[in-house]
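Here are my notes on the model. Please read them with the structure open.

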Amino acid sequence: MTALLEVQDLVVEYGRGRKAFRALHGVSIDVAPGECMGLVGESGSGKSTLGKAILGLAPVTGGRIRFDGKDITAVGRAGRRALADDVQVVFQDPYGSLNPAMTIGDILSEPLLTSGLGGAEAQARVREMLDRVRLPETAMDRYPSEFSGGQRQRVAIARALVRRPRLIVCDEPVSALDLTTQATILDLFIELQRDTGVSYLFVSHDLGVVRRVCHRVAVMYQGEIVETGAGEQITRAPRHPYAERLRLASPVADPVTQRTRRAEWLALREAADAPVR
Ligand SMILES: Nc1ncnc2c1ncn2[C@@H]1O[C@H](COP(=O)(O)OP(=O)(O)OP(=O)(O)O)[C@@H](O)[C@H]1O
Ligand SMILES: [Mg+2]
């Protein structure tokens, strides 16, 4: 199948001259239509940078990004605006990502009105989205501060979906939520993908989270992708030593397994060449 998103040898450098910092060293990744591609890796490994580069928010100095066969590496403002119909984002922080001065109805209809949809049609679409993310219609007249973290994340997801995009970059979308809420929001992501065929690039540092939602997973380490494979294989039996350390570092509910894992992880860490936090 042809990829919806194709990233090839991508290089991102922040700053210039002696202060330049290379955050991505030639990253390649692809996402198929209807696929959830996971991106895991420790803090600072470059996960958000890759997401931002796809959204046109990071300084790309090499390589290429293609969406639906078109080169979007260096599209201008107008091109980006048009691309917003197809590529959307959900961030980690459900508190910071919604305008507190706008009602949920306005937050959800704004992207539709700016893309040229009529008022009545926009209203109908907003109702449909609220229903999809299981929020009551009465949410329309309320403000973000009147909702819990999980509910706000439902609003953020509805906002990302309202223009019927083909790809959503999800950057740690459940990391700020408690475990029970995480589970229901992850199920929502799965259900929405099944119903709409949208693709996800799903960033997380939590292997348990990606195991639940992702078809394939790429492991990032210090600005490079060190392993890509089926979600099941990467999260249970990764080949790369760093990915294995990441697996052993992710917590499990059973205290006995957790103790064994911790011992294995410490042994691996001692044997490893690269430092781990
Ligand atoms: N705007 C920026 N200017 C300079 N350096 C940056 C900038 N944004 C990110 N970096 C650096 O690039 C590297 C990758 O950062 P990035 O945010 O992509 O990591 P991450 O994998 O998303 O980490 P986390 O799990 O903590 O969110 C880090 O070393 C970071 O300090
Ligand atoms: Mg990040």
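1. A term first, for use in point 5. A crossing of two helices counts as right-handed if the near helix is turned clockwise from the far one by less than a right angle, and as left-handed if the turn is anticlockwise.

2. Overall picture. This is a predicted model. The chain has ten helices and ten strands. Of its 277 residues, 39% count as buried. Take the contacts between residues at least 6 apart in sequence: 66% of them join residues at least 24 apart.

3. The ligand shell. Ligand 1 has 13 residues around it, and Y14, S43, K47, S48 and T49 come nearest. Two elements, β2 (21-31) and α1 (47-54), each supply at least two residues of this shell. Which element gives the most? It is α1, with three residues. By class, the shell holds nine polar, three nonpolar and one charged residues.

4. Helix α1. Is this helix enclosed or open? Seven of the eight residues of α1 are buried, so the helix is largely enclosed by the rest of the structure. The buried ones are K47, S48, T49, L50, G51, A53 and I54. K47, S48 and T49 also stand among the residues nearest to ligand 1. Just after α1, G56 takes a positive phi of about 80°.

5. The α5 and α6 pair. Two packed helices are described by the angle between their axes and the distance between the axes. Here, the axes of α5 (residues 149-161) and α6 (residues 179-196) come within 10 Å and cross at roughly 15°. Angles under 35 degrees count as roughly parallel, so α5 is roughly parallel to α6. The crossing of α5 and α6 is right-handed. On the α5 side, the contact is made by G149, G150, Q153, I157 and L161. On the α6 side, T181, T184, I185, L188 and L192 make the contact. These residues divide into five nonpolar and five polar, with no charged ones.

6. Backbone points to check. Most residues other than glycine have a negative phi. Which residues depart from this? One is D68, not a glycine, with a positive phi of about 50°. D68 sits in the loop between β4 (60-67) and β5 (70-71). With 16 other C-beta atoms within 10 Å, D68 is partly exposed. E172 is also not a glycine and has a positive phi of about 50°. The place of E172 is the loop between β7 (167-171) and α6. E172 has 19 other C-beta atoms within 10 Å, so E172 is partly exposed; a buried residue would need 20 or more.

Conventions. Residues are numbered from 1 along each chain as its sequence is written. Chains are lettered from A and ligands numbered from 1 in the order in which they are written. This is a predicted model: local features need pLDDT of at least 70, side-chain atom pairs count only at pLDDT 80 or more; totals for chains, interfaces and linings use all residues. A residue is near a molecule or strand if its C-beta atom, placed from the backbone, lies within 6 Å of it. Helices (H or I, at least four residues) and strands (E, at least two) are DSSP runs, numbered from the N terminus. Ala, Val, Leu, Ile, Met, Phe, Trp, Tyr, Cys and Pro count as nonpolar, Asp, Glu, Lys and Arg as charged, and the others, Gly among them, as polar. Axes are lines fitted to C-alpha atoms, for helices over the stretch in contact, and angles run from 0 to 180 degrees between N-to-C directions. Angles under 35 degrees count as roughly parallel, over 145 as roughly antiparallel, 65 to 115 as roughly perpendicular and the rest as oblique. Two residues are in contact if their C-beta atoms, placed from the backbone, lie within 7 Å. A residue is buried if 20 or more other C-beta atoms lie within 10 Å of its own, exposed if 12 or fewer, and partly exposed in between; C-beta atoms are placed from the backbone.
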